[in-house]
Amino acid sequence: MKRTLLALAALLLGAVEAATLPSRAVLSGECCPGVVWTPDSRALLFLDGPPARGSTGIYSVPATGGEVTRRFSSVAFFSPSLRWAVRPGAGEATTLERLTDGRRFTLPTYGADVTWTAAETRLAYARSDTSGNYDRRVTRVFVADAFGAPRLVATLSGGSIHGWLDDTTLLLSGKPSAAARDRDLFTLNTRTGARRVLRSALNLRSVTISPGGRQVAYTVAFDSAARNGLWVQGTASGSPRELSTFGSYRWRDANRLLLIPLNAAGGPHTLRQYDVTANAWKTLGDLGDQVRLADWSVSPDGRLLNYLSARDGNVRVLTLP
């Protein structure tokens, strides 16, 4: 009975300490911030060159650590599934190359980022004016099929593309007019033009779409107390749900969001997990370390996490509970 009461008290008071999650260094020597996962979750890709490597290129290291090999000899922006290499030119033209057969086409992106659908058969990009107040700059959103011509689908003030929810629907943000106070976060069906506003706020930051596109997490900042905070919301229906915490977050899968809470006091970073379906938090453990500059990501299969160590600058990988 006494043991049960003590355990209950510990839970109520939040006194249960998180266990340290074991991790392993897979890259050392502060070589490689901004690593990304391969689609099969078995390796990490990174840009490197002399003096550490013989030549500049995209290199790969297994998620378990081991030998570093060169994956691509040329430097480009590669699509998430590694089907395409995107190479912006000096002017308006960006060259897109399908890696399976080397077939190419160009788009007038003026160096803008390209956002792919999950199947990587369609893409979107935005072109914005280059002068004036950002909130009043005209942003034009274009979509194109692979090897097809671009088509204008939206014109916004201070707009951004956040990603595809499916093969036809984009998640965008921007002001409906230059004079508007708030920015809308909304879905756009690129076939029909239908829009659905999810949220309006002064500042929408760190907009992150869950795998499968059914949920979105975002932070509202510098607005009213009732609006500010971290929110999760369904992209097809439902109201915003405030998570009453703050930190760096990434989706683990379609319904679980990982978060490293802000830790102004120092000490190891803690890793927490929010289950959208259960509306419940769970502490997975601490890193025994801190993440440098929010440089961390989750493998596509949701089983592994990599981060850049603040302690020694090494890239470390851990298996998620």
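Me: Is Ser41 buried or exposed in this predicted model?
Reply: In the predicted model, Ser41 sits in the loop between β2 (36-37) and β3, and its phi is positive, about 65°, although the residue is not a glycine. Its relative accessible area is 5%, and the term buried applies under 20%. Ser41 is therefore classed as buried.

Me: How does Ser206 count by its relative accessibility: buried, partly exposed or exposed?
Reply: Ser206 belongs to strand β17 (residues 204-209), and here too a residue other than glycine has a positive phi, near 50°. Buried means under 20% and exposed means over 50%, with partly exposed in between. Because the relative accessibility of Ser206 is 48%, the residue counts as partly exposed.

Me: Which residue in β18 stands opposite Ile209?
Reply: The strand β17 comprises residues 204-209, and it pairs with strand β18 (residues 215-220) in the antiparallel sense over 4 bridges. Across from Ile209, the residue in β18 is Val216.

Me: How far apart are the sulfur atoms of Cys31 and Cys32?
Reply: The structure holds 1 disulfide, and the link of Cys31 and Cys32 is left-handed, with -90° about the S-S bond. Cys32 is buried, because its relative accessible area of 2% falls under the 20% limit. A disulfide requires the cysteine sulfur atoms to lie within 2.5 Å, and for Cys31 and Cys32 their separation is 1.7 Å.

Me: What is omega for the peptide bond that joins Pro50 and Pro51?
Reply: Pro51 lies in the loop between β3 (43-48) and β4 (57-62). The peptide bond that joins Pro50 and Pro51 is cis, with an omega of about 5°.

Me: How many residues of the lining of the second largest pocket are charged?
Reply: The second largest pocket holds about 160 Å³ of space, and its lining includes Leu165, Asp166, Arg214 and Ala236. Asp and Arg count as charged, whereas Leu and Ala count as nonpolar and Gly is among the polar residues. The lining divides into 2 nonpolar and 8 polar residues, and the number of charged residues is 2.

Note on methods: Residues numbered from 1 in each chain as written. Predicted model: local features only at pLDDT ≥ 70, side-chain atom pairs only at ≥ 80, totals over all residues. Heavy atoms only, no water. 1 Å grid on protein atoms, 1.4 Å probe; cavity = no way out; pocket = protein on both sides within 12 Å on 5 of 7 lines; lining within 4 Å. Points joined across faces, edges and corners; volume = space filled by probe spheres on them. Buried < 20%, exposed > 50% of the residue type's maximum accessible area, 1.4 Å probe, protein only. Helix = DSSP H or I, 4+ residues; strand = E, 2+ residues; numbered from the N terminus. Pairing = 2+ DSSP bridges.
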